[in-house]
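Here's a quick tour for anyone meeting this structure for the first time. Take a look at the sequence and the model, then read on.

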Amino acid sequence: MKVHGHAKILAVVTIAWAVFWVIGLPDYYQQYSFLFMLVFDAAVLVPLGFVVYSILRRTPPKFRMSLSLWLAFYITVPLSFYDYFYCGVYLGYGWAFLQEFWYLSVYYLIPWMLCPAIAYWMSIQRGTGFHRTNR
């Protein structure tokens with residue numbers, strides 16, 4: 001992926017984080033119940049999966065898995081830094097924010113499973129993937 005592609009993805013996920021931050025105000029979702037946040041986290045999976053699928057669909061099959069890993073990286077690493085600086089530093093939770101804001105923390109792992117799984121699923125759907133047999 002070229003530098004422009006990296007910058008574009010970083011910009012998009014940064015904007016998405018800012019939107020989720022604003023929506024979560026005044027207490028960055030702490031004002032909602034455990035059950036609500038569980039349902040909310042599950043509901044976010046659907047559009048996230050759709051966006052990842054849409055991006056990967058436009059990518060040549062041989063590059064899908066590597067792009068899926070880049071997507072997982074950008075969906076998790078920069079956002080975890082933003083959350084750490086906001087929740088850990090600004091709000092004063094330190095690393096305890098990982099437990100206190102569990103509904104954020106789960107999304108530091110989920111994309112690492114979701115993005116490659118979608119790329120793999122796409123590869124086996126059309127026989128363009130990792131288990132192609134020579135006939």
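Predicted model: local features only at pLDDT ≥ 70, side-chain atom pairs only at ≥ 80, totals over all residues.

## A word on classes

## The overall picture

The protein chain has six helices and zero strands, so its pattern along the sequence reads α-α-α-α-α-α. Its C-alpha trace spans about 60 × 35 × 25 Å along the principal axes.

Of the chain's 135 residues, 36% count as buried. Among contacts with a separation of 6 or more, 66% come from residues 24 or more positions apart.

## The largest pocket

The largest pocket holds about 1,100 Å³ of space. Its lining is made up of 36 residues, with V12, V13, L48, V51 and I75 lying nearest the centre. Sorted by class, that lining has 28 nonpolar, four polar and four charged residues.

Where does the lining come from? Helices α1 (3–23), α2 (34–57), α3 and α5 (102–105) each supply at least two residues.

## A closer look at D83

D83 sits in helix α3, which covers residues 61–90. This residue is buried yet has no salt bridge. How far away is the nearest side chain of opposite charge? That would be R58, 23 Å away, whereas a salt bridge needs the atoms within 4 Å.

What does D83 touch, then, leaving aside residues up to four places away in sequence? Its contacts are W17, Y28, G88, F97, L104 and Y108.

How values were computed: Residues numbered from 1 in each chain as written. Heavy atoms only, no water. Helix = DSSP H or I, 4+ residues; strand = E, 2+ residues; numbered from the N terminus. Buried < 20%, exposed > 50% of the residue type's maximum accessible area, 1.4 Å probe, protein only. Lys, Arg positive; Asp, Glu negative; His and termini not counted. Contact = heavy atoms within 4.5 Å. 1 Å grid on protein atoms, 1.4 Å probe; cavity = no way out; pocket = protein on both sides within 12 Å on 5 of 7 lines; lining within 4 Å. Points joined across faces, edges and corners; volume = space filled by probe spheres on them. Nonpolar A, V, L, I, M, F, W, Y, C, P; charged D, E, K, R; others polar.
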